[in-house]
Amino acid sequence: MARVLIPVPDRDFDVTEVAVPWRVLCDAGHDVVFATEHGDCVPQCDPRMLTGVMFGKLGARADAMACYRALQNESAFKQPLAWDALDVSLFDGLLLPGGHAP
C-alpha cells in the first residue's frame with residue numbers, strides 16, 4: 001500500500017483528473033491524502049465540469065461525476081492539509097491533476 005499526495009487548488013480543479021485517479025488508487029488499497037493552499041476549506045471542482053458547459057458543450061462524464069460525488073464524502077478530501085505543512089518524506093507518490101484554477 002502506498003500513501004499518495006494529491007495537491008489541489010481551493011477551486012476549479014478538473015473533476016476527472018482528481019476524482020477518477022482517487023477512486024482507482026483507493027480501490028487498489030492506497031491511502032490518498034489531499035492538500036490545498038491553506039488547508040482551511042473543502043476543495044471545489046470547476047462547476048462547469050458538472051453542468052457540461054465547459055467551452056460551450058464539454059463536461060465531465062457521468063462516471064467521473066459519480067466518482068466526484070463519492071469523493072466529496074471522504075474525510076481526507078473534506079479536511080485537506082495545507083501545502084506549507086506537508087512533509088513530503090511521508091508520501092510514496094504524488095499525483096498532480098490539472099484544472100482551470102489561476
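## Two helices that cross

Helix axes are lines fitted to C-alpha atoms, over the stretch in contact, and the angle between two of them runs from 0 to 180 degrees between N-to-C directions. This model is predicted. In it, helix α1 (residues 15-27) packs against helix α3 (residues 62-71). Their axes lie 8 Å apart, at an angle of about 70°. Angles of 65 to 115 degrees count as roughly perpendicular, so α1 is roughly perpendicular to α3.

Which residues make the contact? Helix α1 brings Val15, Thr16, Val18, Ala19, Val20, Trp22 and Arg23. Helix α3 brings Ala64, Met65, Cys67, Tyr68, Ala70 and Leu71. Of the residues in this contact, 11 are nonpolar, one is polar and one is charged.

## Aromatic pairs

The structure holds four aromatic pairs. One of them joins Phe34 and Phe77. The ring centres are 5.2 Å apart and the planes stand at 85°, so this pair is edge-to-face. The pair links distant parts of the chain. Phe34 sits in strand β3 (residues 31-36), and Phe77 in helix α4 (residues 75-78). The two are 43 residues apart.

Are Phe34 and Phe77 buried or exposed? Both are buried.

Tyr68 is buried, as is Phe77. Tyr68 is also one of the α3 residues in the contact with α1.

Which residues form the aromatic cluster? Phe13, Phe34, Tyr68 and Phe77 form one cluster.

Key
Residues numbered from 1 in each chain as written. Predicted model: local features only at pLDDT ≥ 70, side-chain atom pairs only at ≥ 80, totals over all residues. Heavy atoms only, no water. Phe/Tyr/Trp six-rings, centres within 6.5 Å; stacked < 30°, edge-to-face > 60°. Helix = DSSP H or I, 4+ residues; strand = E, 2+ residues; numbered from the N terminus. Buried < 20%, exposed > 50% of the residue type's maximum accessible area, 1.4 Å probe, protein only. Parallel < 35°, antiparallel > 145°, perpendicular 65-115°, else oblique. Contact = heavy atoms within 4.5 Å. Nonpolar A, V, L, I, M, F, W, Y, C, P; charged D, E, K, R; others polar.
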